[in-house]
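Subject: Structure for you to look at

Hello,

Here is the structure I said I would pass on.

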Amino acid sequence: MKLRGRIIKEGAVHGEALVSPEPIGFLGGVDPETGVVVEAGHPLRGQSVAGKILVFPTGKGSTVGSYVLYRLAYKGLAPLGIINAASEAIVAVGAIISNIPMVDGIDIGQIRTGDEVTIEGEWVTVRRVARAGQGAEVE
Amino acid sequence: MLAGKEGPAVQKAMEIVTALGRIYGATDLVHVESVQVAGVSYKNLGEAGLLFLREWAREGARVRVPTMLNPAGVDLEQWRALGLPEEFAQRQMEVLDAYAQMGIEMTCTCTPYLIGRVPGLGAHLAWSESSAVAFANSVLGARTNREGGPSALAAAICGRTARYGLHLTENRRATHIVRVACPVRTEVDFGVLGYEVGRRVGKGIPYFVADGAAWNAETISAGLHLRMLAAAMAAGGAVALFHVQGMTPESELDEIVRPDAEEIRIDSLAEGYARLSSPLGSIDFVSIGCPHASLEELRDVARYLAGRRVRSVLWITTARETRRRAEAAGWVQAIEHAGGHVVSDTCLVVAPVEALGVKTMATNSAKAAFYAPSHSGLQVRLGTLGECLDAAVQGRWAPRRRPMC
């Protein structure tokens, strides 16, 4: 499946999707030392964003969140790429200063955690990987 | 700039400015007259922010328009005497070094408009501190969005910002009419009103109307009452622009209120006071100057404290430049003689106040009352400047019998 979005930070990257149905606030929401989501009640709580293609509707919270992304990148714990439904300033600025390829304007309902995702400029390619107990591969 | 001909630092800044333009639907960029950068205190920036600023400065980031800083986490000269931790102060200095390397003025204040940096009507800015943004837009009639720290810095490095949001006339119309039907007299009343309205309108643009004798426009001070109103509205909600009928520069424009504006009526401030203020007895800490105190406030404090001694820790936070002027008038010495501190470059919201070992605070600022419990673990009693100074002298909350001045 190929989806077309809007470039926030240009780049090409390939990895496994981690999908959050809820917005993510990086300041206070993600531990800058470990990359693990720590916000109480968050659907991704306890999971690490490190090395994932992180897919979520939009950002929220303090603008200092941009620096949290930078810190994660500095420690090698940042997401590989970011896909948003509708981007806002905090995550967009964070992705730019941290060199994390990012697109928005994507129907994120089409992507599931575990999918193999490639971001290339404005294009997002999603490949569903067959796993035990899951449906067949779709392309 | 975007292609990198002016180096990686400028390229990164332009990438930020243009990405925000895309996100918010700007058609072009606009030159900015000045920039005010938040994200200065090490308490908020942390190691990550410091790393980033250093790296950007090393890549050659330099500002091209007058750029000022928000308060830092310590008073740059007196931090040791004030009992602020050394390790923190060191990191703070490194943050400021990075900003200085970029050519930014070390104003360290949330009230640049009180130290002569007064933008003109219609001037485009990229300011970021929430109360300064609300004051500049509303009281001065300048035009700025509420920038994040990095996006303000990017605007300073490019000399321009994306033209969207409050840069456009059509987005400056009021979304709410706020009819105020109860008396709003003191600076604290204005702060509590702002906090309540901020909570109710969120990101909206309120248009204030005084019903009956809520206030007397002739006795309202922009520098005090509207500063407190702006600060509290930006803290209780995310208000970046408001209008006050007959007072603020855009309030009389045609069609300044949207036809679909929602109407809100404020009949009492009691609920707001109850949310922000606790009935405390003993007061260890008295904090004045959120947003940063004006020269007039320092004068009033100095006069009040003449011949008295404070028992509580008393901080008046202000811009370094204001402190200098108050020193020339002898007011700083008078306050210090009474045992108080005139603290500059920092403020209650961004300094590591928890290190002072205080638990209960009196303040005349609704914004400070809103942040102190969560940021610094303090319990708060809200009162006027005179009531707060009474509490500082007695070390406990004492109902006033007579007005201060």
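In chain B, 55% of the 405 residues are buried (a residue is buried if 20 or more other C-beta atoms lie within 10 Å of its own, exposed if 12 or fewer, and partly exposed in between, with C-beta atoms placed from the backbone). This is a predicted model, in which local features need pLDDT of at least 70 and side-chain atom pairs count only at pLDDT 80 or more, while totals for chains, interfaces and linings use all residues. Residues are numbered from 1 along each chain as its sequence is written, and chains are lettered from A and ligands numbered from 1 in the order in which they are written.

Overall form of chain B. The C-alpha trace spans about 65 × 55 × 35 Å along its principal axes. Chain B has 13 helices and 14 strands (DSSP runs numbered from the N terminus: helices are H or I with at least four residues, strands are E with at least two). Of the contacts in chain B between residues at least 6 apart in sequence, 80% join residues at least 24 apart (two residues are in contact if their C-beta atoms, placed from the backbone, lie within 7 Å).

Where the chains meet. 20 residues of chain B are in contact with 19 residues of chain A. On the chain B side, the elements giving two or more residues are helix 1 (8-23), helix 2 (42-58) and helix 5 (149-158). Helix 2 of chain B gives the most, with 8 residues. This side divides into 9 nonpolar, 7 polar and 4 charged residues (Ala, Val, Leu, Ile, Met, Phe, Trp, Tyr, Cys and Pro count as nonpolar, Asp, Glu, Lys and Arg as charged, and the others, Gly among them, as polar).

Backbone details. The peptide bond from B:Cys290 to B:Pro291 is cis, with omega near -10 degrees. B:Pro291 belongs to strand 10 (residues 285-293) of chain B.

B:Glu255 is in the loop between strand 8 (243-244) and strand 9 (257-266) of chain B, and counts as exposed because it has 9 C-beta neighbours inside 10 Å. B:Asp345 is in the loop between strand 12 (341-344) and strand 13 (360-363) of chain B, and counts as buried because it has 29 such neighbours inside 10 Å.

Regards
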